Amino acid sequence: MTDKSLITKAARLSVAPMMDWTDRHCRYMHRLLSRETLLYTEMVTAPALVRGGALHLLAYSPEEHPIALQLGGADPVELAQAATLGAEAGYDEINLNCGCPSDRVQSGAFGAILMQSPDLVADCVAAMRDAVDVEVTVKCRIGVDEQEPQQVLPDFLDKIRAVGCNRVTIHARKAWLQGLSPKENRDIPPLDYEIVHQMKADFPDLHISINGGITSLDEAKTHLDRGLDGAMIGRSAYHQPGDILRAADPEIYGTGVETDPIEVARQMLPYIERHLSGGGRLHQVTRHMLGLFAGRPGARQWRRTLSEESHYDGAGPALVEKALLAIAG
Ligand SMILES: Cc1cc2nc3c(=O)[nH]c(=O)nc-3n(C[C@H](O)[C@H](O)[C@H](O)COP(=O)(O)O)c2cc1C
C-alpha cells in the first residue's frame, strides 16, 4: 500500500476504469509513460471475487502503483469482503462504481442505478471503509434518467461524505438506464461541467475529480486551475496515450521529464518476453499499444503491422521492433 497522501496527490490526474481496455498490460504501458498518474483497473464485480473466487482478476504488476481497484456491487457485506481482498492484494484505493449503465450491471442492480439509492451507497461505502485501511472512493454520474442533478447530486455527495468518503470522481453527464447503449451513454447525454465545479464550491472539503470528454492535458489543467482537485481521462488516454500521459509528470505534477513513446515501446519488450514465456499471446499486450504514436508520421504503419501480424503463431518482441521501424527507422 502506498501512503494515502501520495494517492491523493496522484489523483490530480487519473486514467479512467475501462472494461476490456485498462487491463494490466495497458496499465503497465501507461505507467511507463507517466510515473505519477493514478491508474484504475477495469471494474471487477464483488460477486465475481467473493462468490466466484476469481482472484486472478486482481493480478497486477508491482510497477503499476499507484493503482486503484474499481469494484462493482451493491451489497455492503459482499463489497466489504471484496474490498478486503483488494486491500490484501495491495491496491492503493478501492473505488465503487456508481456510473456504469450497462444491462449486465443493471441486472445486478449496481453501477449507475445506484444514483437512485444514495443511502445504500452510503451503507456500501461505510462497510468498505470499516473493512479496509486504504481509501474508499466513488465514481458516479450527475444523475440518471429523469433525476434532477441539482437535487440528487448534492444529496448523494452529502451522504457518502457523511460516512467518510473523501474523494469522488464525477462523470459530468447523466446516464439513461433505458434506451441507450453503454457506448451511447458516454456520448449522448450532454456534458455539464459547471455542475461539477459548483459541487466543488459547495463541498470544498471533498476531493472532486471531473471526468467526461477531456481530450488533452490542457483541458485537464483548465479544470484544475479552476479549482477542481483532479481530472480523470478515459478514451483519449487509451487512444492517444502518448499525447495524454507523456507530459503528465512535468505538466500536472511538476516532477520528472516528458517520456519518449519510442523508449516506452522498447521498455515494453522485456515485459512482452515475460508475458509470452508465461504462456500469453503478443496481441494481448500490443492491442493496447496501437495508439502510442497517434498523430505522428508512421503511426498508421505501426498500427497496421501490429494489428495484422501480432496474432500469428510465434509473434513476439521482434514484431514490435519491426513495427517501430516505421516510427524510429
Ligand atoms: C470501453 C470502455 C469501458 C468502460 N468501463 C468502465 C468501467 O468498468 N467502470 C467505470 O466506472 N466506467 C467505465 N467506463 C467509463 C469511463 O470510465 C469514463 O467514465 C467515460 O469513458 C467518460 O470519460 P472519457 O470521455 O474521458 O472517456 C468505460 C468506458 C469505455 C470507453
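Which residues does Gly234 touch, not counting residues up to four places away in sequence? I found Ala16, Met18 and Asn211, where contact takes two C-beta atoms, placed from the backbone, within 7 Å.

Before going on, I noted the ground rules. This is a predicted model, so local features need pLDDT of at least 70, side-chain atom pairs count only at pLDDT 80 or more, and totals for chains, interfaces and linings use all residues. Residues are numbered from 1 along each chain as its sequence is written.

I placed Gly234 in the loop between strand S8 (230-233) and H10; helices (H or I, at least four residues) and strands (E, at least two) are DSSP runs, numbered from the N terminus. Gly234 is buried, with 21 other C-beta atoms within 10 Å. For the cut-offs, buried takes 20 or more other C-beta atoms within 10 Å of the residue's own, exposed 12 or fewer, and partly exposed falls in between.

Next I looked up the ligand and found 23 residues surrounding it, the closest being Ala16, Met18, Met43, Gly234 and Arg235; a residue counts here if its C-beta atom, placed from the backbone, lies within 6 Å. Strand S2 (38-45) and H10 are the elements that give two or more residues to this shell. I sorted the shell by class and got nine nonpolar, nine polar and five charged residues. In that sorting, Ala, Val, Leu, Ile, Met, Phe, Trp, Tyr, Cys and Pro are nonpolar, Asp, Glu, Lys and Arg are charged, and the others, Gly among them, are polar.

The UniProt record (unreviewed entry) has a "binding site" feature, with Met18, Met19, Gly234 and Arg235 among its positions. UniProt positions are in the numbering used here, feature names are shortened, and annotations may be inferred rather than shown by experiment. I followed up Met19, which sits in the loop between S1 and H2 and touches Glu42 and Met43, leaving out residues up to four places away in sequence. Met19 counts as partly exposed, with 17 C-beta neighbours inside 10 Å.

I found Cys100 in the loop between strand S4 (93-98) and helix H5 (103-107). Is Cys100 buried or exposed? Buried, with 24 other C-beta atoms within 10 Å.

Most residues other than glycine have a negative phi, and most peptide bonds are trans. I noted a cis peptide bond from His65 to Pro66, with omega near -5°. Pro66 lies in the loop between helix H3 (46-50) and strand S3 (67-72). Asp20 has a positive phi, near 70°, and is exposed, with 8 C-beta neighbours inside 10 Å.

**Domains and core**

The domain assignment, automatic or from a database, gives domain 1 (4-253) and domain 2 (261-328). I read their C-alpha centres as 29 Å apart. The contact takes 13 residues from domain 1 and 14 residues from domain 2. H2 gives the most to the domain 1 side, with six residues.

Last, I opened the largest nonpolar core, which has 93 residues; such a core is a set of buried Ala, Val, Leu, Ile, Met, Phe, Trp, Tyr and Cys residues joined through C-beta atoms within 7 Å.
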